Amino acid sequence: MPIPPTDGSPLTALITGASSGIGRATAVRLAGRGARLVLVARGREPLEATAAEARAAGAAAVTVCPADVLDEDAIRAVVSSAVAEFGRLDVVVHSAQVMAYGRIEDVPKEVFERVVDTSLHGTATLARHVLPVFRRQAGGHLVIVNSLLGNVTTPVLGSYAVAKWGQLGLARVLQQETRDEPGISVSIVQPGGVDTPIYYQAASWAGSTGRPPPPVYSPERVARRVLSTLENPRRIVQAGVANHLITAGFRLLPGLYDALVEPLLRTFALAGDDVPPTEGNVFESRPEGNAAEGRWRSI
Ligand SMILES: NC(=O)c1ccc[n+]([C@@H]2O[C@H](COP(=O)([O-])OP(=O)(O)OC[C@H]3O[C@@H](n4cnc5c(N)ncnc54)[C@H](OP(=O)(O)O)[C@@H]3O)[C@@H](O)[C@H]2O)c1
C-alpha cells in the first residue's frame with residue numbers, strides 16, 4: 001500500500017511499543033508521511049513524548065492510548081475507539097516487547113512467563129481484535145516486529161528466544177489464516193542488533209544487563225525497513241546485514257554454532273555492568289528508561 005494512500009486520504013496506523021525504540025521511530029516516520037496515529041504502550045508519559053515528536057513531524061492526528069497488550073479488554077477498547085475515531089484502520093505495527101537475561105534455571109518462573117506471554121499472548125490478543133476489522137474493510141496490513149532470535153537460539157537470553165520463536169510461529173499461522181482475504185497482509189520484520197533501550201530496560205539474572213550485538217542498526221533504519229514492508233508486503237523481512245549468515249550457521253553447523261555462541265554473547269552482547277538481579281520493566285513500564293534510541297553507536 002502506498003503511504004499515503006493514492007486516494008489522498010491519510011493512512012491510519014496503530015503502533016504498539018510506540019513509546020520507545022523501533023515502535024517510536026516507526027511512528028515518527030509514518031507521521032512524516034502524514035499518517036493518523038494511534039500510539040500504544042503501557043506508560044503514558046513517554047507515549048506523549050512520541051506524540052509530540054509525531055505532531056512536529058507532520059502527523060495528521062495523534063491519539064495516545066496507554067494499554068498493556070496482555071489486557072484483552074484494553075486492546076479491544078483501543079482498536080474499537082481507533083475505528084470509531086478515524087473510520088478505519090489501515091496499518092498495525094506490533095513492536096511491544098520485554099526481555100530478560102539469565103539462564104532458564106536462574107530466571108524466576110514469573111519473569112520467564114511474562115516475557116513469553118508479552119510476545120505470544122500479546123500478539124494473539126492484538127490479532128484477535130485487529131483482523132476482524134481488516135476483514136470488515138477487506139484490507140489492512142499487520143506488521144509484527146520479531147527478531148533474529150526468532151530463527152536462532154542463544155544461552156542467557158532463553159526466555160526471549162523462546163518468546164520470539166513462538167511469536168514467529170504465530171505470525172506464520174496468521175499469514176496462512178488470512179490467505180482467503182487478498183486485501184489483508186501480515187508481514188514479519190526480523191531485526192538483528194538495534195540501538196534501543198530494551199537492553200537496559202530488561203530483567204536480568206545474569207549479573208549484567210545487555211547491549212546490542214554488532215552490527216548495530218539505528219531504530220530509524222529499522223523503521224525505514226518497516227515502512228518499505230508496509231509499501232511492499234513480504235512474508236519475512238530481515239533488518240540486519242549478518243542475519244542470513246548467523247541463521248545459516250545455526251542451521252548448517254550446529255556444533256560450531258553452539259561452541260561459539262556463549263563466548264561471543266558474553267563478549268559482544270553483555271554490558272558487563274555488574275547488576276544485582278532485577279525485574280527491569282518486565283511487569284511494569286519504567287517510563288524514565290523509554291527513549292527514541294539507546295546508548296550505542298549504530299549504522
Ligand atoms: N533492540 C533490538 O536490538 C531488537 C532486536 C531484534 C528485535 N527487536 C524487537 O523489536 C521490537 C521493539 O523493541 P525495541 O528494541 O524498540 O524495545 P524498547 O525500546 O524497549 O521498546 C519496547 C516498547 O514496548 C512497550 N511495551 C513493553 N511491554 C508492553 C506491554 N505489555 N504492552 C504494551 N506495550 C509494551 C514499551 O513501553 P512500556 O514499557 O511503557 O509499555 C516500549 O514502548 C520488539 O519486538 C523487540 O523484540 C529488537
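User: Where does Pro4 lie?

Analyst: First, two ground rules. This is a predicted model, in which local features need pLDDT of at least 70 and side-chain atom pairs count only at pLDDT 80 or more, while totals for chains, interfaces and linings use all residues. Residues are numbered from 1 along each chain as its sequence is written. Helices (H or I, at least four residues) and strands (E, at least two) are DSSP runs, numbered from the N terminus. With that in hand, Pro4 sits in the segment before β1 (12–16).

User: What kind of peptide bond joins Ile3 and Pro4?

Analyst: Here's the general idea: most peptide bonds are trans. The one between Ile3 and Pro4 is cis, with omega about -5 degrees. Pro214 to Pro215 is a cis bond too, with omega near -5 degrees. You'll find Pro215 in the loop between β8 (203–204) and α7 (219–231).

User: Okay, what about phi? What is the phi of Ala138?

Analyst: Most residues other than glycine have a negative phi. Ala138 isn't a glycine, yet its phi is positive, about 60 degrees. Look for Ala138 in the loop between α4 (109–137) and β6 (140–145).

User: Why does Ala138 count as exposed?

Analyst: Count other C-beta atoms, placed from the backbone, within 10 Å of a residue's own: 20 or more is buried, 12 or fewer is exposed, and in between is partly exposed. Ala138 counts as exposed because it has 10 C-beta neighbours inside 10 Å.

User: And Asp274: what is its phi, and where does it lie?

Analyst: Asp274 also isn't a glycine, and its phi is positive, near 55 degrees. Asp274 lies in the segment after α9 (254–268). With 8 C-beta neighbours inside 10 Å, Asp274 counts as exposed.
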